[in-house]
Amino acid sequence: MKLTLEAAKRMLNEAERKAKELGILENIAIVDDGGNLLAFHRMDRARIAGIQIAIDKAWTALAMQTPTAALNETAVPNGPLYGINTTNQGRIVILKGGVPLVMNGELLGAIGVSGSSGDNDVLVAQAAAALLQQTPLARIGRSALAGPL
């Protein structure tokens with residue numbers, strides 16, 4: 001299965017909906033299973049500093065195959081992953097808001113959200129990621145993400 005642009009657009013819309021519900025402004029990035037940027041959305045007046053942070057949160061969640069919130073908890077001084085954020089040319093982000101996109105146990109990509117508190121960023125990312133679980137299983141010759149979410 002591959003994550004499609006159409007599915008990514010739907011996730012961006014859901015992320016923006018959740019951000020508006022929370023009354024916050026977000027930058028939202030989605031990467032494919034190779035870590036390449038598939039889709040990006042910056043809400044009006046969202047901080048420009050969050051653009052690269054959102055992209056790198058998504059890349060980190062994919063590359064580490066874990067939510068960035070987990071890194072946030074273990075990359076503290078004396079923690080088992082202390083210093084991880086200094087690797088990969090500084091691209092590893094240990095801030096909350098990066099979530100792997102998994103369907104049927106397969107890692108399809110990741111979403112990264114930046115612009116609010118870490119907890120809010122996670123809520124927005126999780127709302128978008130939840131759309132994958134509402135997608136019907138793939139039929140032969142067709143991606144599960146090609147149809148409606």
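In which helix is the place of Ala8? Select Ala8: its place is in helix H1, where helices (H or I, at least four residues) and strands (E, at least two) are DSSP runs numbered from the N terminus. The model is predicted, and local features need pLDDT of at least 70, side-chain atom pairs count only at pLDDT 80 or more, and totals for chains, interfaces and linings use all residues. Residues are numbered from 1 along each chain as its sequence is written, and side-chain values use heavy atoms, with hydrogens and water left out.

**Stop 1: Ala8**

Ala8 is buried, with a relative accessible area of 0%; buried means under 20% relative accessible area, exposed over 50%, and partly exposed in between (1.4 Å probe, protein chains only). Contact here means heavy atoms within 4.5 Å. Ala8 and Ile30 are 22 residues apart in sequence, and their C-alpha atoms are 6.7 Å apart in space.

**Stop 2: the sheet**

Select the strands next. Four of them form an open sheet in the order S2-S1-S4-S3, with antiparallel pairing; two strands pair if DSSP finds at least two bridges between them. At the edges are strand S2 (37-42) and strand S3 (98-103), each of which pairs on one side only. From one strand to the next the twist averages 15°.

Strand S1 (residues 27-32) and strand S4 (residues 106-114) are joined by six bridges in the antiparallel sense. To inspect this pairing, select Val31, whose bridge partner in S4 is Ala110.

H1 packs on the sheet and touches S1, S2 and S3, its direction making about 25° with that of S2. Helix H2 (residues 49-64) also packs on the sheet. H2 touches S1, S2, S3 and S4, and its direction makes about 155° with that of S4. Axes are lines fitted to C-alpha atoms, for helices over the stretch in contact, and angles run from 0 to 180 degrees between N-to-C directions.

**Stop 3**

Why is S3 largely enclosed by the rest of the structure? Five of its six residues are buried, so S3 is largely enclosed. S3 and S4 pair in the antiparallel sense over six bridges, and Met103 stands opposite Glu106 in S4. The two strands form a hairpin with two residues between them. Select Asn104 in the turn, which has a positive phi of about 55°.

**Stop 3: H1 against H4**

Show helix H1 (residues 5-22) together with helix H4 (residues 118-133): their axes come within 8 Å and cross at roughly 140°. The crossing is right-handed; a crossing is left-handed if the near helix is turned anticlockwise from the far one by less than a right angle, and right-handed if clockwise. On the H1 side, select Arg10, Met11, Glu14, Ala15, Lys18, Ala19 and Leu22. These meet Asn120, Leu123, Val124, Ala127, Ala128, Leu131 and Leu132 in H4. By class, the contact has ten nonpolar, one polar and three charged residues. Ala, Val, Leu, Ile, Met, Phe, Trp, Tyr, Cys and Pro count as nonpolar, Asp, Glu, Lys and Arg as charged, and the others, Gly among them, as polar.

**Stop 4**

Apart from residues up to four places away in sequence, Met11 touches Leu3, Ile30, Leu101, Ala128, Leu131 and Leu132.

**Stop 5: Asp56**

Is Asp56 buried or exposed? Asp56, found in helix H2, is buried, with a relative accessible area of 11%. Leaving aside neighbours within four places in sequence, Asp56 is in contact with Arg91 and Val93.

**Stop 6: the loop between H3 and S3**

Most residues other than glycine have a negative phi. Select Asn78, in the loop between helix H3 (68-74) and S3: Asn78 has a positive phi of about 70° although it is not a glycine. Asn78 is exposed, with a relative accessible area of 81%. End at Gln89, which is also found in the loop between H3 and S3. Phi of Gln89 is positive, near 55°, and Gln89 is exposed, with a relative accessible area of 81%.
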